[in-house]
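Open the model in your viewer and keep the selection tool at hand. Each stop below says what to pick next.

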Amino acid sequence: MKKSATVVLPLILAMLAPCAGAQSVSPAWDAYRNKEQQPSAAPAPVQGEAQPASQTAAPVQAPTYAAPASVPPPPHGYTRPAAEPKGGFFLGAQVGKGWIYDDVDQNVAAINGGYRWQAGDVTLVGIELASGRLAETDDDGWRYGKVTYGSVGANARFNFGEGSPWFAIARLGYWSADGDGDDESDVDGGYASFGIGVDATRNFNVNLMYTNHAYATTYYYYGGYEETEINRADMVTLGVEARF
């Protein structure tokens, strides 16, 4: 019994040896064993967990800038800067027509000058002196003599908004006049002027003015009777002004 077992056992081992060798040299077997030995894949990240910067950071893009809009050119003509100081001396000249007598036109030439102070963003106030003349004229055979006058008063101008070259002007004061020839007389009273103008440059403007001169005249009649009336002389002038 022992002898047969001793003979059979080596035969069985000899038969199994080729099978074991075949398994060790089989490519399919090697691939299967290598797959069994590879580490398992990393688990998927849980939502909400912080991820490494290399995995979560989005690529940074350089900022882009829009090209600046082109600035439109300034309009033609003078535009007064909003903060430009305007106080200072001024000197003006005017020409136009005057009416001391109804429907009798007399040529007018005048000059004025003074100083204005800045009184607000669009307002200037000042003082002025003026002198003028109404020329001699004839009308329907009647001669109307020359009249010269002088005045002193206040002067104010108001721009129509900051930066606007357009302005209004007002004048108020006292005046006196001397006549000659057949109309020789000395009168005095008050005057008021209103007008509109436009700045051509920082130091020069053109203006259109209406001026009313009011004065009292006393008339004497035979028998010692007298009467005082308030009369007026009107002027419309176109002028220029320089500022310093």
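The tour goes from the whole fold to single residues.

This is a predicted model: local features need pLDDT of at least 70, side-chain atom pairs count only at pLDDT 80 or more, and totals for chains, interfaces and linings use all residues. Residues are numbered from 1 along each chain as its sequence is written, and side-chain values use heavy atoms, without hydrogens or water.

**The barrel.** Show the cartoon. Eight strands form a closed barrel in the order β1-β2-β3-β6-β7-β8-β9-β10, with antiparallel pairing. Strands are DSSP runs of E, at least two residues, numbered from the N terminus. Two strands pair if DSSP finds at least two bridges between them.

**β9 and β10.** Select 204-221 for β9 and 225-243 for β10. They pair in the antiparallel sense over 18 bridges. Now pick Met209: its bridge partner in β10 is Thr237.

**The nonpolar patch.** Show the surface. Select residues including Phe160, Trp166, Phe194, Tyr210 and Val240; they belong to a nonpolar surface patch with about 980 Å² of accessible area together. Nonpolar side chains are joined within 5 Å. Areas come from the Shrake-Rupley method with a 1.4 Å probe. Which strand gives the most to the nonpolar patch? β9 does, with four residues.

Pick Phe204 in β9. Phe204 is partly exposed at 34% relative accessible area, between the cut-offs for buried (under 20%) and exposed (over 50%). Next, pick Ala177 in β7 (166-179). Ala177 is buried, at 5%.

Definitions and conventions. Patch = residues over 30% accessible without salt bridge, like charges linked within 9 Å, V, L, I, M, F, W, Y side chains within 5 Å. Salt bridge = Lys/Arg side-chain N within 4 Å of Asp/Glu carboxyl O. Buried < 20%, exposed > 50% of the residue type's maximum accessible area, 1.4 Å probe, protein only.
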